[in-house]
Amino acid sequence: MHYVQPEVMPTIQAALKPKRLVGCSTAGILLEHEVMPRGLIMMAINSEDIPFGVGMLNLTTDYRNFGFELARRANLDLDRPQRQAALVFTDHTMRNGAFLKGMQEVLGVGFPIFGAGASDAFTYKKTYQFFQAESFSNAAVGLLIGGNSAAAVSTRHGFKPLGKPRTITKSNDHVIRTIDKEPASQIFVNYMGKDAQDIDKGILNTPAMLYPLGIYEEAEHQYLLRNPIDILADGSIVCQGNVPEGSEVHFMIATKDACRRAAIDAANEIKDILGGRTPKLILVFESMARHKLVGRLATSEMLAIKEVLGHQVPAIGIYSSTELGPMGSIKNSKHLYVHNENLLIFALG
Amino acid sequence: MTPPPVDPISPIVIILFVVVFVFVCIIIFLWLFMTSKDETIEQLKTKHDQLMRSFNELDEQAKLIVRTDLELNKAQAELDKRLNGLNALQRVSRQINQAMNEEELFQKISPTLFEELGFSRVLLATLYNSAFKTRLNVGFNETKNTEIIKAFASDETIKDILKERRAFSSLNSSRKVKERLLQIFESEYYVLVPIVGQSGVIGAIFVGNRLNAAPLTQADEELIAILASQIGQSLENALLFEKVFRASQELEIKVKDRTRQLASALTKVEEISKKKTEFISAVSHELRTPLTSIKGYAALLIAGKIGEVPDAVKERLSKINTHSDNLVSLINNLLDIARIESGRQEMKFASHDIKHVVENIKDLLTPQLSAKEIKLNLVIPEAITHIYIDTSQAERVFINLLSNAIKFTPKGGTITIEAAPQLEEGYATFNVTDTGIGIPEDDLKKLFSEFFRVDNEINQNVKGTGLGLVLAKNIVQAHRGRIWVKSQVNVGTSFYFTLPTTVEAFDAHKEITKESLQNA
């Protein structure tokens, strides 16, 4: 659900009496055969072998310390030493990946940390984070998964760069001021022509959402995607993630099939990481902006994932504002990112 | 002699020569080097320019790719929208088609339908007593809703749109209409469609989006127009159904009233019947006493105990005696009927061997059967062994029916008494079938009426009371059974009746009571 009724969380608490509960609002629920724009989806885990630790923290701008504290709280709540993965749900305004580094300081650099930015009805205005019997905004909740199960995380986007590289000549945090010394929004005008003429009135419902910007990450030899979510009066692009000044930036493009292929690749990577273990559960976080591109074929990605990992495995997905995790898998990259336009799969085997 | 000394070249000259030579070489080398560098730079510059041109050309191609992709995406999005819209429309059409009334119909049009179609504002209003009434409101506050409803009735632009009976959208409206509708609905993108029924405009539906929302497409306009048409049809259907339903309810109420009246009339009839029965019973009693005296005196006179009487007188006295016997028989039948009807007749139910009962009757009527050489067949299946009856009363049913059969069956005919397998739970069905003259169809209905006798030659010659079948019917009913007849003229007649086989069946068999009639 992308809204929250006051009675929902206490009712869940009273009905199920869960020991630990975390969650977030979403633009939609992604199932194998259906996308539900409204509703509530829960995955309940009842296992003596999988302990959990949870933590909640209101957002601060000291990102690194914020991540450190959130991880520390969840770690304190976990009563056993074995840790397998950490799940984090943040408010959509948490766009700076530094908090993930803070979490890594507590949990270790190679530790699988993954998560999603909560979403609303595709307005990027107000989201909710659920913690035990309460709901919060401007906060983050973390869930540390313990035990001896194998955890696997993989992210993919399937977009390719198009046209010549450009340089972000001026940016602040998540706002690109200029590209090649021109107002940033000019990049859309250059490529989209008349279709970009109204983007300054509101970019979210325009075709510009189909073409994210790709920032080339030298260390990963891959592109980190950034969704434009607003255009300021001076032509600056507000992105759903931080954008370093001096970065090489590309206009990115993908097809529906490329998106589906990306989902299959991510699922195959999960399968490889689990090394023959059957997944016990699958969580899928997919960018709500990506939904604009795949349209009616939205369920094809989930279907493809289940075809690879098994139709019998319980799997739920949500549409997110950001996807938090490595670029690819933690096996290949120790860096964690705030992604846009990505599909993230987590499986516990 | 010492050769004359050769004038050695001055070392200075040599040094100078070498210096000049080296200098010239350096100059030549530098000249050559500089020439080559310029060429390389020139070549590199050319390469760079070529690369930049290629880059720019690739970028231009990329722009073309993006614009083509945009076109494809737009076409795909339009197609998706149409498909989603059609799916949603089909779903809502199915639901609203099943609506039984107006309220139910509008309850089934969910705001999520419009959300699926991509609209954040909806106002659906219908005409009710010449005024528009909001049926669905999404995205407008109460004040705005009231304003819009007022505009539906009074705004000239909206009135013109309703008059035109077609979809108006932000795609096809004139600037003036657009501006006015933006003012009223505060929505840049919109579709406004009148809902038209057989009687004309019966409502209107507005869907739209606020400023900065996704622009409208032709598909949106078409879908909303189809939806409006569907709502119009379903609304008319629902109203028609409501009308029919109301009429049926009124009819049902009338039927219930009439049933109550009939039940009341039945009670009255029963009361009258009871009084009639009591009256017949009383009169019959009063008649029987003087009749006994008349018969007694007639017998004394015939026997000559009071004195010899002439033969002619004897003959008359015999007639008096015979008619008195007929009258006594009539009175006895009437009394029996009255007793059974009033429930005063004490019934002594018990289980009896069916074959024994039937054989007794056969013995009783053997003289009459023999006199007319009529063959009597008894067909009693092994499955039926006992019947739960008041034997003296039940025997009268058999005797009555069998006597009638003998009476109307020509000499040498056949009569069959057959007990059929149970047609009703715990009851046996008997039939007494003859090969007699049969009964005309018109008379069949009156056959169980008191004093009714079929008008035929036999009845004209043979005396009868017209009470035998009435008595038989009353006795069968006292056993909670049924009696009926089938007949074909010149072929024969079959009388059917049911009797209980067990006490449980008798107890369980519901009588047709006044209460059951009222409940029905």
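This is a predicted model: local features need pLDDT of at least 70, side-chain atom pairs count only at pLDDT 80 or more; totals for chains, interfaces and linings use all residues.

Let's begin with helix 2 and helix 3 of chain A. Helix 2 covers residues 63–77, and helix 3 covers residues 98–107. Their axes come within 6 Å and cross at roughly 40°.

Who makes the contact? From helix 2 of chain A, the residues include Tyr63(A), Phe66(A), Phe68(A) and Leu70(A). From helix 3 of chain A, they include Phe99(A), Met103(A), Val106(A) and Leu107(A). Overall, the contact residues of this pair divide into ten nonpolar, three polar and four charged.

Now look at two charged side chains. Glu105(A) and Arg64(A) meet in a salt bridge, at 2.5 Å from N to O. Glu105(A) sits in helix 3 of chain A, and Arg64(A) sits in helix 2 of chain A. They are 41 residues apart, so this pair links distant parts of the chain.

Next pair: helix 5 and helix 7 of chain A. Helix 5 is residues 256–274, and helix 7 is residues 298–309. They pack at an angle of about 30°, with their axes 9 Å apart. Helix 5 and helix 7 of chain A are therefore roughly parallel to each other. Their crossing is right-handed.

Helix 5 of chain A brings Ala263(A), Ile264(A), Ala267(A) and Ile270(A), among others, to the contact. Helix 7 of chain A brings residues including Ala304(A), Ile305(A) and Val308(A). The contact residues of helix 5 with helix 7 of chain A come to nine nonpolar, two polar and three charged.

Now, across to chain B. How much area do chain A and chain B bury between them? About 2,100 Å², with 52% of it on carbon and sulfur atoms. The contact takes 25 residues from chain A and 23 residues from chain B. In chain A, Lys164(A), Tyr191(A) and Arg296(A) lose the most area to chain B. Together they make up 28% of what that side buries.

How many salt bridges cross this interface? The rule finds two between chain A and chain B. Find Asp195(A) and Lys74(B): their side chains meet in a salt bridge, 2.7 Å from N to O. Over all chains, the count comes to 28 salt bridges.

That's my tour. Thank you.

Definitions and conventions: Residues are numbered from 1 along each chain as its sequence is written. Chains are lettered from A and ligands numbered from 1 in the order in which they are written. Side-chain values use heavy atoms; hydrogens and water are left out. Axes are lines fitted to C-alpha atoms, for helices over the stretch in contact, and angles run from 0 to 180 degrees between N-to-C directions. Helices (H or I, at least four residues) and strands (E, at least two) are DSSP runs, numbered from the N terminus. Contact means heavy atoms within 4.5 Å. Ala, Val, Leu, Ile, Met, Phe, Trp, Tyr, Cys and Pro count as nonpolar, Asp, Glu, Lys and Arg as charged, and the others, Gly among them, as polar. Buried area is the accessible area (1.4 Å probe) that two parts lose on being put together, summed over both. A salt bridge is a side-chain nitrogen of Lys or Arg within 4 Å of a carboxyl oxygen of Asp or Glu. Angles under 35 degrees count as roughly parallel, over 145 as roughly antiparallel, 65 to 115 as roughly perpendicular and the rest as oblique. A crossing is left-handed if the near helix is turned anticlockwise from the far one by less than a right angle, and right-handed if clockwise.
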